[in-house]
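Thank you for asking me to look over this model. My remarks are set out as numbered points, to be read beside the structure itself.

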Amino acid sequence: MQSYDIPTGTIAVGVDGSPSAERALSWAVEEARLAGRALTLVHAITPQGGVWVDQAGHDSTLGSGATRTEAQQLLDAAQRAATDRDPTLEVHHLLRVADPRDLLLTVSRQASTVVLGSRGRGHLRSLLLGSVSVAVTRHAHRPVVVVRPHDRGGAREGVLVGVDGTERSLGPLEFAFTQASQRGVPITVLHAVHDALATSVDPYLLDGLEDGIEEHRLLVAESVAGMREKFPDVSVNTVLARGYAGDALTELGDRMDLVVVGAHHGGAASAILLGSAAASVVESAPCPVAVVPVA
């Protein structure tokens, strides 16, 4: 199994010099600071000579004569930007001639979190998000945060996480609670009750009149109980929604700092954990999205 000389548990961030990568770097620096972890700047020179494949799936070269020296200069500039934000930060570089997807997936075995940028072009049909982000969010061994453009103005309501009431939700839940605790913000736990007849998302099923709704409420309460004990400092709000999980998470994400969703890498899973739901949120959410792999 291939490995690289980077700290175990590092926050790894893809660097390509684009505005979206700059947003990702800013998020990664803050995460490294809050979590007390090292930061690793990751850059891939494609074997064909191009540097990185950006989040729109286009070759983002530094010119037809892009060289390792130019790539190293890009990493040096990213390090200066990171240490300007936090002079105490431990920063590492990883520069390889490789497919960026393969490089980041390998890095995800050693990192605690992988952070990527997003072009933020709204609903995406195929490779508009970029083959890099698509591959990494689908196959990474650790959580992947895709930093989508979002309006930092106005009131924000913390972290939103989708759950299905089973043990598969524990990984995304713990990641979300950790983020909320580190940032001193509340958490909203959302459980979507699938209703094929619903024409829109109704995030407020609070009257308990719908058939079986109390059963769903108890499932969520049981899932959250252990996290409440582990993170007593985090204020928790529970929301039940009617409709598709991806739609509900995207709609409520408009006022959140971060949306967390689980992704089941292979095999059958409930709607909240299906790859299509995770992909929908990554493509459409109006704020950063964390995709947490579920065994």
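The points below take up the model's basis, a central strand, a loop residue, the nonpolar cores and a pair of helices.

1. Please keep in mind that this is a predicted model, in which local features need pLDDT of at least 70, side-chain atom pairs count only at pLDDT 80 or more, and totals for chains, interfaces and linings use all residues. Residues are numbered from 1 along each chain as its sequence is written, and side-chain values use heavy atoms, with hydrogens and water left out.

2. Strand β4 covers residues 113–117, and because five of its five residues are buried, it is largely enclosed by the rest of the structure. Buried here means under 20% relative accessible area, with a 1.4 Å probe and protein chains only, while strands are DSSP runs of E of at least two residues and helices are runs of H or I of at least four, numbered from the N terminus. T113, V115 and G117 point one way from β4, whereas V114 and L116 point the other way.

3. Which strands pair with β4? Strand β1 (residues 11–14) runs parallel to β4 and is joined to it by three bridges, and strand β5 (residues 144–147) pairs with β4, also in the parallel sense, over four bridges; pairing requires that DSSP find at least two bridges between two strands. V115 is the bridge partner of V13, and V115 also stands opposite V145 in β5.

4. D16 lies in the loop between β1 and α1 (19–35) and is buried, with a relative accessible area of 6%. Its side chain is joined to that of S18 by a polar contact of 2.6 Å, a polar contact being a pair of N or O atoms within 3.5 Å, of which, within protein, one must be able to donate a hydrogen and the other to accept it, and residues adjacent in sequence count only if both atoms are side-chain atoms.

5. The largest nonpolar core has 46 residues, and those touching the most other members are V13, L39, L41, V115, F177, I187 and V260. α1 gives the most to this core, with six residues. Such a core is a set of buried Ala, Val, Leu, Ile, Met, Phe, Trp, Tyr and Cys residues joined through side-chain atoms within 4.5 Å.

6. Helix α5 (residues 170–183) packs against α1 at an angle of about 80°, with the axes 10 Å apart; axes are lines fitted to C-alpha atoms, for helices over the stretch in contact, and angles run from 0 to 180 degrees between N-to-C directions. Since 65 to 115 degrees counts as roughly perpendicular, α1 and α5 are therefore described in that way.

Note on methods. Buried means under 20% relative accessible area, exposed over 50%, partly exposed in between (1.4 Å probe, protein chains only). Angles under 35 degrees count as roughly parallel, over 145 as roughly antiparallel, 65 to 115 as roughly perpendicular and the rest as oblique.
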